[in-house]
2 protein chains.
Amino acid sequence: MKKERPLILISNDDGIEAPGILSLVAAMDGLGDIVVAAPLHEQSAVGHAITMRDPVRARPWPFRGPSGHVTAYAVSGTPADCVKLAMDKLVPRQPDLVVSGINHGPNTAVNVIYSGTVSAATEAAILGIPAIAFSYCKWGSGGDFEASGRMARSVAKRVLEGGLQPGILLNVNIPDLPLADIKGCMITRQARSKWEESFAERMDPFDRPYYWLSGKFVNLDSGENTDLWAVDNGWVSITPIQHDLTAYSALEGLENWKWGDPAGENNT
Amino acid sequence: MKKERPLILISNDDGIEAPGILSLVAAMDGLGDIVVAAPLHEQSAVGHAITMRDPVRARPWPFRGPSGHVTAYAVSGTPADCVKLAMDKLVPRQPDLVVSGINHGPNTAVNVIYSGTVSAATEAAILGIPAIAFSYCKWGSGGDFEASGRMARSVAKRVLEGGLQPGILLNVNIPDLPLADIKGCMITRQARSKWEESFAERMDPFDRPYYWLSGKFVNLDSGENTDLWAVDNGWVSITPIQHDLTAYSALEGLENWKWGDPAGENNT
């Protein structure tokens, strides 16, 4: 029996017209058949939002990759919606790989939980499909996806060959460096960090306040095996991530707490 | 020096007018000073979305708890926005506890990652503040938050006394049973599960298709220490959860992969 060519589903959170998804399609060119299902509009920082209260639409989209026409759909929803809808309605068979990105900007440390790019890959991992989220660690606009695309291709090839443990996806962050200056790939953990919020307060023309989210990113982690450290030091960071949020290390301690009897004295 | 009364910040994802948040305010009554910062509109399934492209507003809201007026704000954003904004602009001092809910419907198994209720508590945990997400495991509308409120009070009191390990929050799911039939509290892990999507396809009056998200929940986990098992068997499920998504068990295996040299043969 002839083995079918791998099917690769591609999504992102910057939207179907973003340069990063064009680079990702180019990076996957020739590795398999490609279907793109990406948000019609930018969906940054939507985290793992899904659309439940409104219908979702998928519009065939004229998308040209390096080898010509690519089957593509612009979806009126979030990155997680794109993958859910694609799996049910848009792909001809189960994909062998789902890739998301290339996000313009890093998805490292605490930012992983806000990332729509990662959530698209997470949806695939929940369904047991190997999945990778790619981010190009360039702040601000502009930049060149060349090296990120090359590294994305390299990582995707390895995963197509080797598969991934079910439920695990890879969160890949590529430094903003020319290919020759990238040291290689490092397996990392998510750095401990937080944002110190400082909302900018302004007044509208009717003297009512409104607030813009802004803040200062604080790295709380001095480890040399984190996603932040890797990217800052010229490595491609590859973090295996999962959607089981259980804090296993905390289970035993909490089991020893006295939680009280539902009808007991503690409930007053 | 007189110890200040604890400050408790309350949020949710069902919106500031939902019955569940009123029950949660009642459940916290007398345990400390209370500030409510909750979404103006329902925000279910927004996951960890934050609002970056639009300003956010906070409107003082007339909120009455069992002991009278409660300081409250309706926020034009997501649950994560509510906690971020509250921490920066709305609370008089750092809260001792952040509670979210009481969500109408379970937040167990894979649903945790879609939950706005959990994301509000996660924001607090990132900032090192003890936090608890409460959900009342009633499907559909209606129901009675009485037992959920009693259990929420009990768990919150324990956490105010004992604190939580920094970065860890509790995800609490309370079965839809009268208080007398609840067996007690069980420390659990998040059950492995998935949704099998089946979008309903319809045609609009212009003959263009649109899709409604629906699907079948599949429990992949037969363990008797999971959130699903606990709730199904009459226990309050308490799952410690974290925002570090690193799949630590996968690190070593991946370190042994050959990832290839950035400029090498694998990049073609």
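Buried residues account for 56% of the 268 residues in chain A of this predicted model. The chain contains six helices and 14 strands. Its radius of gyration is 21 Å, close to the 18 Å that the globule rule gives for 268 residues, so chain A is as compact as a globular protein of that length. Along the principal axes, the C-alpha atoms of chain A occupy a box of roughly 70 × 55 × 45 Å. Of the contacts in chain A between residues at least 6 apart in sequence, 77% link residues at least 24 apart.

**The nonpolar core**

In soluble globular proteins, nonpolar side chains tend to be buried together. Here, the largest nonpolar core holds 183 residues, and the members that touch the most others are Val36(A), Ala37(A), Ile132(A), Val36(B), Ala37(B) and Ile132(B). For Val36(B), leaving aside residues up to four places away in sequence, the residues touched are Ile10(B), Ile16(B), Ile21(B), Val25(B), Phe63(B), Val70(B), Ala72(B) and Tyr73(B).

**An exposed loop position**

Pro205(A) lies in the loop that runs between β11 (200-203) and β12 (209-212) of chain A. Pro205(A) has 5 other C-beta atoms within 10 Å, and a residue with 12 or fewer counts as exposed, so Pro205(A) is exposed. From C-alpha to C-alpha, Pro205(A) and Ser23(A) are 43 Å apart in space, and 182 residues separate them in sequence.

**The two chains and their contact**

Two copies of a chain are related by a rotation about an axis and a shift along it.

The contact draws 72 residues from chain A and 72 residues from chain B. On the side of chain B that touches chain A, at least two residues each come from α2 (79-90), α3 (116-126), α4 (146-162), β9 (184-187), β10 (193-197), β12 (209-212), β14 (235-241) and α6 (248-255) of chain B. The largest share, seven residues, is supplied by α4(B). The table divides the residues of this side by class.

| Class, side of chain B that touches chain A | Number |
|---|---|
| Nonpolar | 39 residues |
| Polar | 19 residues |

Technical notes
Residues numbered from 1 in each chain as written. Chains lettered and ligands numbered in written order. Predicted model: local features only at pLDDT ≥ 70, side-chain atom pairs only at ≥ 80, totals over all residues. Contact = placed C-beta atoms within 7 Å. Helix = DSSP H or I, 4+ residues; strand = E, 2+ residues; numbered from the N terminus. Nonpolar A, V, L, I, M, F, W, Y, C, P; charged D, E, K, R; others polar. Buried ≥ 20, exposed ≤ 12 C-beta atoms within 10 Å, placed from the backbone. Rg over C-alpha atoms; globule rule 2.2 N^0.38 Å. Core = buried A, V, L, I, M, F, W, Y, C linked by C-beta atoms within 7 Å.
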